[in-house]
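Trainee: Could you show me how to read a helix face and a salt bridge, taking one feature at a time?

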Amino acid sequence: MLATLAGVPAFMATAAHAEPVTLNVVDVAGNLALTQEALESFAAKNPNLVSRITFTKAPAPELPGKIRAMQAAGRTDIDLVLTGTDALAAGMALNLWEPMLPAHAAKFPNLMDNYLPSARKMQDLANGQAVMVTYMPAGPLLEYNPDKVKAPPKTPAELLAWCKANPNKLIYARPANSGPGRTFLMGLPYLLGDKDPKEPMAGWDKTWAYLKELNSCIEYYPTGTGAVMKELGEGSRDMTVTVTGWDINPRALGVVPKQFKVAALGGFTWVNDAHYMAMPKGLPAARQAAVMELMAYLLKPEQQALTYDSGYFYPGPAVKNVPLTAAPQKSQDIIKEYGRPEYADWIAKQPHAQPLDDKAMVAAFKKWDQEIGSGKGK
């Protein structure tokens with residue numbers, strides 16, 4: 001328990017008399033596309049607290065080991081991590097994150113009540129180790145070139161048959177570093193009727209068998225989703241697995257042609273996704289205080305409205321009462337032009353599930369790397 005002075009936590013009292021700090025933000029989820037403008041506005045509005053904010057992007061699988069090495073050396077140079085469920089889970093397994101809740105609940109009043117009802121369970125996944133900042137009912141979905149795929153698959157069996165009939169034309173990225181990749185991985189147990197969709201080691205017999213067979217007609221697995229979309233857009237692949245944001249945003253950016261389509265496998269379950277703000281352990285008091293002020297700022301409705309962005313993490317906001325009409329006009333125009341009318345129907349009608357918990361997710365990634373992706377990375 002932190003000592004207090006006149007009811008103020010010690011680290012906050014120290015921060016109040018400290019010089020402005022530099023904050024180093026590392027993004028392993030592509031979240032800066034949604035939040036960098038808000039982060040920069042925080043620095044501009046709080047010069048007494050923050051002198052500047054630096055931004056770095058890194059692959060999710062590499063970051064936990066780097067932070068652990070910094071902490072072992074007693075020198076943590078990363079102040080805030082913007083992460084998906086992948087690096088969040090890996091960091092929780094290594095005990096890297098500063099516990100946020102309930103230790104610092106006062107900084108985030110009514111946090112759970114402020115989240116969208118469909119998003120609250122995603123905060124539960126963090127086990128108090130991080131704070132959710134953006135939300136997406138992700139997938140799994142299929143995206144395809146309609147000129148090459150005249151009848152998109154409607155079941156996993158049809159997807160496998162199509163892949164075998166069109167070798168090397170289906171592509172997806174390594175799940176440990178790809179939102180669509182891990183959503184496909186976690187969505188298959190529901191589609192295939194596996195014994196326990198939450199138990200990848202004991203309950204995914206059908207899923208692992210299916211992925212091994214699908215592996216026979218996939219040339220390689222890129223290390224990230226960006227490379228997948230580049231190949232899809234250039235025409236070297238005809239189909240990939242996707243999620244709502246990775247469908248809308250690459251078409252809005254011109255990486256993938258606007259006319260490419262999406263399909264849903266019959267009876268699918270949405271595996272929801274989220275981005276989180278995590279603070280590594282070991283920060284000095286002034287930096288810790290500044291990070292928490294920054295986290296609280298990013299949850300304000302005005303900053304949440306910016307997360308509609310260009311549809312990258314569609315819809316984006318994690319908190320209630322942030323309609324698309326609150327977003328910048330550019331975001332409204334992009335989503336009107338590149339969004340899918342079927343999404344609202346699918347989101348309303350199909351069941352929703354949360355991703356695997358941290359230990360199960362780490363185990364699933366390891367097994368996929370060893371038994372599916374081994375020797376096929378690039």
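Mentor: We begin with the model itself, then turn to one helix and to some charged pairs. This is a predicted model, in which local features need pLDDT of at least 70 and side-chain atom pairs count only at pLDDT 80 or more, while totals for chains, interfaces and linings use all residues. Residues are numbered from 1 along each chain as its sequence is written, and side-chain values use heavy atoms, with hydrogens and water left out.

Trainee: Which residues of helix α14 are buried?

Mentor: Buried means under 20% relative accessible area, exposed over 50%, and partly exposed in between (1.4 Å probe, protein chains only). Helices (H or I, at least four residues) and strands (E, at least two) are DSSP runs, numbered from the N terminus. In α14, residues 329-338, the buried ones are Ser331, Gln332, Ile334, Ile335 and Tyr338. Viewed down the axis, these fall within an arc of 165° (taken from the directions from the helix axis to the C-beta atoms), so they line one face of the helix. The face turned away from that side carries the exposed Lys330 and Lys336.

Trainee: How many salt bridges are found in the whole structure?

Mentor: Side chains of opposite charge can pair when their charged atoms come close. A salt bridge here is a side-chain nitrogen of Lys or Arg within 4 Å of a carboxyl oxygen of Asp or Glu, and the search finds 17. One of them joins Asp273 and Arg182, with the closest N and O atoms 3.4 Å apart. Asp273 lies in strand β11 and Arg182 in helix α8, 91 residues apart, and both are buried.
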